[in-house]
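Some words used for protein structures rest on cut-offs. Look at the model below and ask where each word comes from.

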Protein chains: 8
Amino acid sequence: MDMQALQNLLESVQKGKTPIQDAMESIREFLSKDLGYATIDNQRQMRVGYPEVIYCEGKTPQQVAEIARYMYDQGSDILATRANQEVYRGIKTIDPKVIFNPVARTVTIKRKEKKPTDTYIAVVTAGTSDIPVAEEACVTAEFFDNRVERINDVGVAGIHRLLDRLDRIKAAKVTVVVAGMEGALASVIGGLISKPVIAVPTSVGYGASFGGLSALLAMLNSCAAGVSVVNIDNGFGAGYIAGLINKL
Amino acid sequence: MDMQALQNLLESVQKGKTPIQDAMESIREFLSKDLGYATIDNQRQMRVGYPEVIYCEGKTPQQVAEIARYMYDQGSDILATRANQEVYRGIKTIDPKVIFNPVARTVTIKRKEKKPTDTYIAVVTAGTSDIPVAEEACVTAEFFDNRVERINDVGVAGIHRLLDRLDRIKAAKVTVVVAGMEGALASVIGGLISKPVIAVPTSVGYGASFGGLSALLAMLNSCAAGVSVVNIDNGFGAGYIAGLINKL
Amino acid sequence: MDMQALQNLLESVQKGKTPIQDAMESIREFLSKDLGYATIDNQRQMRVGYPEVIYCEGKTPQQVAEIARYMYDQGSDILATRANQEVYRGIKTIDPKVIFNPVARTVTIKRKEKKPTDTYIAVVTAGTSDIPVAEEACVTAEFFDNRVERINDVGVAGIHRLLDRLDRIKAAKVTVVVAGMEGALASVIGGLISKPVIAVPTSVGYGASFGGLSALLAMLNSCAAGVSVVNIDNGFGAGYIAGLINKL
Amino acid sequence: MDMQALQNLLESVQKGKTPIQDAMESIREFLSKDLGYATIDNQRQMRVGYPEVIYCEGKTPQQVAEIARYMYDQGSDILATRANQEVYRGIKTIDPKVIFNPVARTVTIKRKEKKPTDTYIAVVTAGTSDIPVAEEACVTAEFFDNRVERINDVGVAGIHRLLDRLDRIKAAKVTVVVAGMEGALASVIGGLISKPVIAVPTSVGYGASFGGLSALLAMLNSCAAGVSVVNIDNGFGAGYIAGLINKL
Amino acid sequence: MDMQALQNLLESVQKGKTPIQDAMESIREFLSKDLGYATIDNQRQMRVGYPEVIYCEGKTPQQVAEIARYMYDQGSDILATRANQEVYRGIKTIDPKVIFNPVARTVTIKRKEKKPTDTYIAVVTAGTSDIPVAEEACVTAEFFDNRVERINDVGVAGIHRLLDRLDRIKAAKVTVVVAGMEGALASVIGGLISKPVIAVPTSVGYGASFGGLSALLAMLNSCAAGVSVVNIDNGFGAGYIAGLINKL
Amino acid sequence: MDMQALQNLLESVQKGKTPIQDAMESIREFLSKDLGYATIDNQRQMRVGYPEVIYCEGKTPQQVAEIARYMYDQGSDILATRANQEVYRGIKTIDPKVIFNPVARTVTIKRKEKKPTDTYIAVVTAGTSDIPVAEEACVTAEFFDNRVERINDVGVAGIHRLLDRLDRIKAAKVTVVVAGMEGALASVIGGLISKPVIAVPTSVGYGASFGGLSALLAMLNSCAAGVSVVNIDNGFGAGYIAGLINKL
Amino acid sequence: MDMQALQNLLESVQKGKTPIQDAMESIREFLSKDLGYATIDNQRQMRVGYPEVIYCEGKTPQQVAEIARYMYDQGSDILATRANQEVYRGIKTIDPKVIFNPVARTVTIKRKEKKPTDTYIAVVTAGTSDIPVAEEACVTAEFFDNRVERINDVGVAGIHRLLDRLDRIKAAKVTVVVAGMEGALASVIGGLISKPVIAVPTSVGYGASFGGLSALLAMLNSCAAGVSVVNIDNGFGAGYIAGLINKL
Amino acid sequence: MDMQALQNLLESVQKGKTPIQDAMESIREFLSKDLGYATIDNQRQMRVGYPEVIYCEGKTPQQVAEIARYMYDQGSDILATRANQEVYRGIKTIDPKVIFNPVARTVTIKRKEKKPTDTYIAVVTAGTSDIPVAEEACVTAEFFDNRVERINDVGVAGIHRLLDRLDRIKAAKVTVVVAGMEGALASVIGGLISKPVIAVPTSVGYGASFGGLSALLAMLNSCAAGVSVVNIDNGFGAGYIAGLINKL
């Protein structure tokens, strides 16, 4: 239910067509819907401009499917992250437009593609192994109608690969840098451009990478200003924030 | 063996019906029973008012079943936590009233349901993925005859969901807050109510949640007074303590 | 040296007024200036749009003063962070306009105040103890001509304090949230607004806050999307990034 | 301002004695008072039944004194924790009844002593070095009119010292256990009594105690149910929660 | 090869029966035997009084079997730890006396049982789940001809279980305490007896036990003197040291 | 009060010379003495064979002095660890025999030197910087009448220094190895001798020694069996345990 | 493309045989080749003297095979690390000379064996379980035409095994020491020889080895100078650096 | 005592000028000298080609001075690290050539300057604050007669500063990279050159740099091969190893 629907409801109450009790129930649900195991934040679209996103880990495929259907029936598009084949099977009955991206581990339903932004987000990876996280960022940003430019495998071990592609990064409104191991790419890019950098540490690496801790700490301690950081492997979060900034 | 049984035994000794040696053996077992791999704390019911609870991890299903049968034969009700299907199969021959809750991972036998308390415990989760831990808390509290009120998926990402349900939390005698990720819900609820909050960090999350460490540290550092914390994923502990407080 | 100066130099070469050797030396210095203990990044203004900022820790006051004077003579304004009284004394001979902010621990010289931006950055603290870090963010953002709105001591222990001031936060183009202890404020604000949030964990707290680790982890694990994080106590970094975003 | 004051104000508005604008300002302040560097939570007394407590670390003595005076003038009693001699000097001009407890590091003003509760809180330390933290818990609990029983230096290295004093602990409604090093006392007491235990790890110890981490982890992993934990050295928090439980 | 064999060899050289080159090769092997992937410490029996023990993790079953056979052929008895069914199958062809203990995960060959020591080692567990680690300690100590007394499941949650069995612990020459979770049992026993305690933290627990870290830190910080600690789950090490002490 | 004193008391009661009430008070104190801030474990001498040792950190010099005087008056010798000049001044009025060892940071009073043991404890350091911790071990062991042999600065960087002195280590009944940095000395000695090794990690080192963590972990993971470990810098604990073993 | 090929290309342009556009494309690819998911660093051979090495983890076997074929077609030899059977199957169609080393987990293609260096690298392991990591170092060093000498299982638990083989280590130009657990071997060897030591901590161990952290910290804190360290289990890195040094 | 002195001694014995007992004492001291608190490794010069270096932390100035004098009298040059003004005063009486470098915190005595190597070591810092650690490396390398080239403050925040100076780095035989914060400089240089890189993480930084942990982990996880790492702030170790390599 969006603001238009709310206005219609209130007018219907004014005209006596909708009883007070029914309207109260509708408005109550307008705020949040209690499914027992989940309380869906219906007000979110209005409050922050975007619908809820379904984080699939720790939910059963049945739960995901029911939440998705409820939201879909409320008029919302659907983005489910950390999804697998089983989640996909649960959602795909809702709308034939459903798309499963197995690299990004996302399931999406968009009723109607909107024109993407003119400005774009650069999503840059240090290595091939970082692509799944980067792809989650890309899918998220694109779901919210942002244009995305992908630049892969330009880590600092061969820095000229980055320098060759710097123009495409400089032209972006905001850049997402996805890197594991020592995560140095975020600092290097941060020192070369004048736009905000969202750094995503990944769990790529072994030994003293401690599941992404090395990249996380490196990015937090970036000697280049202009770099802020999201959780390890949090491609979704990076894509979401980059989208907020790109659309300012 | 409860206090009544002890009195009966001593009277039997007094009357010469029970030889001293037999009585000594009975009283010795009254304190604890040695099964070789386990020393059952028979005195516990008398000392702290509750029977022992069987923590299943690290025990074989056979061991759990034997401990359960011994305790059952001593007159105790049974609560086994971190149980699985195999544990359930081992216990279910003891009494047809056995219940296996696969979400909470508990197996329980209660001979006789008692009337639950008038006051109640609110068990609140931040997200759907926290429900298994919360359910362990609920089952534990209910096993010890407490009334429980479940409120799910009201994390701070959409704080109005919490505010809408605040009355039910305020009316509780004690509240259990179950949250992973950044665990902020405990602080927020702690700042809004005047009753004790038992916070349960969960291992829900990824990357820098480090298996629940982020929520644990956040809850320990709650800026709201009135919040105390149990181990990560320790629904049992939270339900137990909340029960102690609820029954004061 | 800015682009205009470079053009003048080249014209002077073209006209034969400046010998090639002298011009090469000037251009070389245009890129970076070697002071022995420091290599000043003269190209930075042109590359990322802002001059270098002097981080004082680990530098002697003499080194800071020499770097500042060199940069000042190159035409740059001066921002020195983590400065103390002694640093201030070293710099204040350069220009009487120097300002020392002992709360933010900054020393600044701006030759000419520019009109600040119309849009503004909200800088919000959870508690009074977080103000020094927040003030470093404010001074930084203001140094780069951003308008800043300060909102202090609205942590989640009394969440209505935040809700009362939410309009001023919602109207900001970007919000900096500064919080120690459990750092929950970042998630709560992230869930309430539709603009980017830059979260700054602080070392405020004790015991299991582990010098800001608790707030850092909490903010990285924020269940609300739209939150990215900088280093513990890194007010400068937050103010800098927020400025980049505010000026997009 | 308490509920009575609010009613008076509204009646004054009703009678036309107080202009709407003045009343609105009063009610606004009834919610929170903005001192610039602090936003005082005036509603707290009403919301959770207790006034705000002033945590002094990170605040200047002047800030503490101003906050204390404002709260005092609003009718509140004063409890300032982590206070030192300088804070004490700042507050003592407010009311001659001010008390500085240098062991607990607290400054308190109570206008009128109330009769303490009949039930009591046992505050137990493992060693002499844990007393400052325990004393903070005691002062806090007593400030909120709870009766407290102190039992010191009964750690598990000589467990008979504890067993000799067990009756006084068993008779308490709730027990606070304060211990550093390996923190085993919390588990031992938790296994012996049937009431809630609030465990406070302290930073007493050296080497692999890592500033209290060893005791914190031990207490979180207590094999005895009925134990919940607060932050390292958080005597205030423990005294506060124990008071909440004692007054149920 | 023991000292007797060495003497025989040298006498054979003296008598001219063994050529110098052959003797040198024998003596060289007397020090260590190079199998390519392993260098067997033949001198160990003579140097520290015990043969090498085979730690199976990270070795293939074939490697274990070859090492075992070589040592067996040298006259040594065999103790292989962290062994599984596959390792057992590889070794059992060597001597029909081989014993596989699946709880302790040990494979042993003793040609001839020696009379165990008169004094004994008490091996005490806090809970049933600690038994596999304790059993590794028992098998190790018994392999080296020590008498062992097993006392299981007497953790501090029901401390009377321990007190009831204290006499058997006090009579031991040295005590091994095996405990996970908060590991408090080591401190409690350390405070009650006057003999050395070897504490073995186990990985039993969950959440903030961090794989045994909580018990490890607790035991290292024991407030009772007389407690020293081995690695997490290192039953072998504890049994070995306890044996050294018991045989003094 | 020792067993003789107890017998005398009971005989005095039997003869009617001591009233029951007085005797009860004496026996009660025989168990433990409550000084308010400390509960002295008078029974300890009888239970574990040694008097209590006073750990000075976290106690005021006044508290230490009072505890020492009380214990001294009960007939006990005095060992105070982590003592400083101020503690020494507080204790030295008790008995002119008091000795302050500023390297070991100990204060001791022994009324009568006993003949030390025939067997001895080797206390070995890796470097000169480890000597203060080693000296605490030596003083402790000597206080309890053990003979000690000191061998300093034989770390593995020049392993022949150790091999030259190995005979004196092999002849000891038990060896204490004190080492910081990588703590390798414990493993090397453990592999060379057939007696128990007590390893003491020290905080000597910098950077990634993390206050002794590197040596602690190394010693816990010793590939040589026969090594057990005490807390970082815990010379007292090592000397105490080594004394227990030496006297078996 | 090597320098010769570049010269040929430029001569061809000079002679007008190659159009400018084609040459630019060739040179561009000379710098790096964009495969979409990977950006191959063609310049690397020229820049650092060695071709790129393919790290297989996080890449699909298809991606590895395509990268390998592209590099092979450019004239490069192939070294793929962390490879498995599936990767091997993908690569083996490229050239029948392909070799899969399942212990080292490497796949290599060398068109032409070069004569190895006269000087050699000693690769020494503490235990049999460390061999897979050591073998990765050996294969890497041999791939780059270094002679390697393998010495296995000479850890400090039986230090004479090392001393017996010291001559072979002393004669090496550089030594790689591979050890898990407490990693003491690196310090011991570092103290005995006058050549650089590259230390490789391994994840061999359990409990408080924390996945190799204990060996890593020990090696970083080596009291013997001359030891530098690579990541846990990073055999490749050690072999690579040792090769660089050996070829100086 | 060097080899020449040993030969002289033995000849003197042969000629009957030196009694056997005196010669034995001399040779014994040739191996190591026992000063009580220190065992000086006299054999070290012969074994590894360099004299012992005195690490001053944890030693009293008197101990340092005595060790230095003893070594000096044996003919050794002196390098004392982590020295302060007080250490300097203790040593300067030994030889007027003594030099105190307060930035590097070193005290050195070289009787005779040798011609430095033709090849050189590049010592590169990321920032001005890293210079003290770098200077310790430079002094160490120069003490052992290596030529050193210093390049300061070329961190990745302005990477062109590095690229401008790359030729001087490429021409070095080995490069030491000294960096705090995120330590990215080591990876970037490692990717650009074909010689070994010794990386030194520094404790420069704050917050989540955790005393140099961030730079340490980043350097260990370098995506560029050819980088090995020493302890945090270990300039001495880096200079020493670089010297070993430079002199190969």
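The questions that follow set values against definitions.

Q: How do you know what kind of model this is and how its parts are named?
A: This is a predicted model, in which local features need pLDDT of at least 70, side-chain atom pairs count only at pLDDT 80 or more, and totals for chains, interfaces and linings use all residues. Residues are numbered from 1 along each chain as its sequence is written, chains are lettered from A and ligands numbered from 1 in the order in which they are written, and side-chain values use heavy atoms, with hydrogens and water left out.

Q: Why is F:Leu185 called buried?
A: Buried means under 20% relative accessible area, exposed over 50%, and partly exposed in between (1.4 Å probe, protein chains only). F:Leu185 has 2% relative accessibility, so F:Leu185 counts as buried. This residue lies in helix H9 (residues 184–192) of chain F, where a helix is a DSSP run of H or I with at least four residues, numbered from the N terminus.

Q: Which residues is F:Leu185 in contact with, leaving aside its neighbours within four places in sequence?
A: Contact means heavy atoms within 4.5 Å. Among the partners of F:Leu185 are F:Val124, F:Val154, F:Leu162 and F:Ala179. F:Ala157 is 28 residues from F:Leu185 in sequence, and their C-alpha atoms are 9.5 Å apart in space.

Q: What makes helix H9 of chain H mostly covered?
A: In helix H9 (residues 184–192) of chain H, nine of the nine residues are buried. They include H:Ala184, H:Ser187 and H:Leu192.

Q: How do you know that chain C and chain A meet through the same surface?
A: 100% of the interface residues of chain C are also interface residues in chain A, so the copies meet through the same surface. On each side the contact is listed as follows: 27 residues of chain C with 27 residues of chain A. The two chains bury about 2,400 Å² between them, 68% of it on carbon and sulfur atoms; buried area is the accessible area (1.4 Å probe) that two parts lose on being put together, summed over both. C:Arg47, C:Leu220 and C:Leu248 supply 23% of the area that chain C buries against chain A.

Q: What makes the relation of chain B to chain A that of a four-fold axis?
A: Chain B is superposed on chain A by a rotation of 90° with 0.0 Å of shift along its axis (RMSD 0.1 Å). That is the relation of a four-fold axis. Here 18 residues of chain B are in contact with 25 residues of chain A, and the pair buries about 1,700 Å².

Q: How do you know that no contact joins chain A and chain E?
A: Their closest C-alpha atoms lie 14 Å apart, and no contact joins the two chains. Chain B and chain F also have no contact, with closest C-alpha atoms 20 Å apart.

Terms used. Copies are superposed by least squares on the C-alpha atoms of residues with pLDDT of at least 70 in both. Helices (H or I, at least four residues) and strands (E, at least two) are DSSP runs, numbered from the N terminus.
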